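Have a go at each task before you read its solution.

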Amino acid sequence: MTSPSSISPSSHPEGLVVTRAALDDWPVIKAWARAEGWDPGESDGPCFFAQDPEGFFLGRIDGEPVSAISVVNHGADYAFLGCYLVRPDLRGRGYGITTWRTALAHAGGRTVGLDGVVAQQGNYRKSGFELAHKTFRFGGVPTAGAAGATAATTAASGVRDAEAADLDAVVAYDSGCHPADRPRFVASWLGAPGHRALVRVVDGRLTGYGVIRPAADSLRMGPLFADTPDDARALFTALIAGSGGRRISADIPETHTSAVALAEEHGLTPSFETARMYTGPVRPYATDRVYVVTTLELG
């Protein structure tokens, strides 16, 4: 377990002290996120901290948590902001923005990305974030035919469980679909408790991968990265196979029309939207391969 690290704390307003959070603090952040309807995955915390254990922050008053944020560094040029939360009964007192300003220093000169809820997008623009695209959370119980794919059908499609020997290839593929390399996160994400990670291999070449994981209210899909719509369909169908009537949710870029069509084809419908926003340029990556975003907390 990690422990809070020493940073220059912020001690205002009204006695607020912002310090780095520990993995032991994750249940507090997770509970707040669930109350907001974000439905975090059951094993998200250790995977998030694996990428950047110094990137999580809590604001406290008299030792009691009142605010949270993460600013997770992905390499030398990119960071991602998430988990921006203030206890509902204490909003409007400046705790959130003080926590925000303290945590953003962790990013240094990196471009920072986030997935912002509609109500906060105006504030994010004032802080220098510009819209890249909207993302919609699609959810629902998959149609019976889609959820009933057999193991034989899955194998015939070239889809199989990810294995330890696939890690280097998956990390390399992930790097081409994301604004920064994140090998520590990917290794943790593939093997986390309850996560099911699948790859598609065609003629000996990896053509996509996907992960589905349990959350309190649904099975959360993400990422789903694939070369073509056929690769994505094979992975999507295999990921939801055996869902047993549970709700599936997937965060899909609005601009990716093939990904939207794939979700609708399987009986999923949009609920809430967020906006992917950046403070500056990010390295080019294969947005056409991003059928489902990994998470709204780490990008």
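Contact means heavy atoms within 4.5 Å. This is a predicted model, in which local features need pLDDT of at least 70 and side-chain atom pairs count only at pLDDT 80 or more, while totals for chains, interfaces and linings use all residues. Residues are numbered from 1 along each chain as its sequence is written, and side-chain values use heavy atoms, with hydrogens and water left out.

**Exercise 1. Find which residues of helix α7 are buried, and what they pack against.**

Step 1. Helices (H or I, at least four residues) and strands (E, at least two) are DSSP runs, numbered from the N terminus. Buried means under 20% relative accessible area, exposed over 50%, and partly exposed in between, with a 1.4 Å probe and protein chains only.

Step 2. Go through α7, residues 167–175. Its buried residues are V170, V171, Y173, D174 and S175.

Step 3. Look for their partners. These buried residues pack against α8, β8 (196–202), β9 and β10 (219–226).

Step 4. A cis peptide bond joins G222 and P223, with omega about 0 degrees.

**Exercise 2. Describe how α7 and α8 pack.**

Step 1. Take the axes, which are lines fitted to C-alpha atoms, for helices over the stretch in contact; angles run from 0 to 180 degrees between N-to-C directions. For α7 and α8 the angle is about 125 degrees, and the axes are 10 Å apart.

Step 2. Classify the angle. Under 35 degrees counts as roughly parallel, over 145 as roughly antiparallel, 65 to 115 as roughly perpendicular and the rest as oblique. The helices α7 and α8 are therefore oblique to each other.

Step 3. A crossing is left-handed if the near helix is turned anticlockwise from the far one by less than a right angle, and right-handed if clockwise. α7 and α8 cross in a right-handed way.

Step 4. List the contact. From α7 come L167, V170, V171 and D174, and from α8 come P183, V186, A187 and L190.

Step 5. Sort these residues. Ala, Val, Leu, Ile, Met, Phe, Trp, Tyr, Cys and Pro count as nonpolar, Asp, Glu, Lys and Arg as charged, and the others, Gly among them, as polar. The α7–α8 contact has seven nonpolar residues, no polar and one charged.

**Exercise 3. How many aromatic pairs does a search of the whole structure find?**

Step 1. State the criteria. Rings of Phe, Tyr and Trp (its six-membered ring) pair if their centres lie within 6.5 Å; planes under 30 degrees apart count as stacked, over 60 as edge-to-face and the rest as tilted.

Step 2. The search gives eleven pairs. In one of them, F48 and W189 are stacked, at 6.2 Å centre to centre with 15 degrees between the planes. F48 belongs to α2 (residues 44–51) and W189 to α8 (residues 183–191), so this pair ties together parts 141 residues apart in sequence. Both F48 and W189 are buried.

Step 3. F49 and F56 are also stacked, at 4.1 Å centre to centre with 10 degrees between the planes. Both F49 and F56 are buried.

Step 4. Follow the ring pairs onward. They link W26, F48, F49, F56, F185 and W189 into a cluster.
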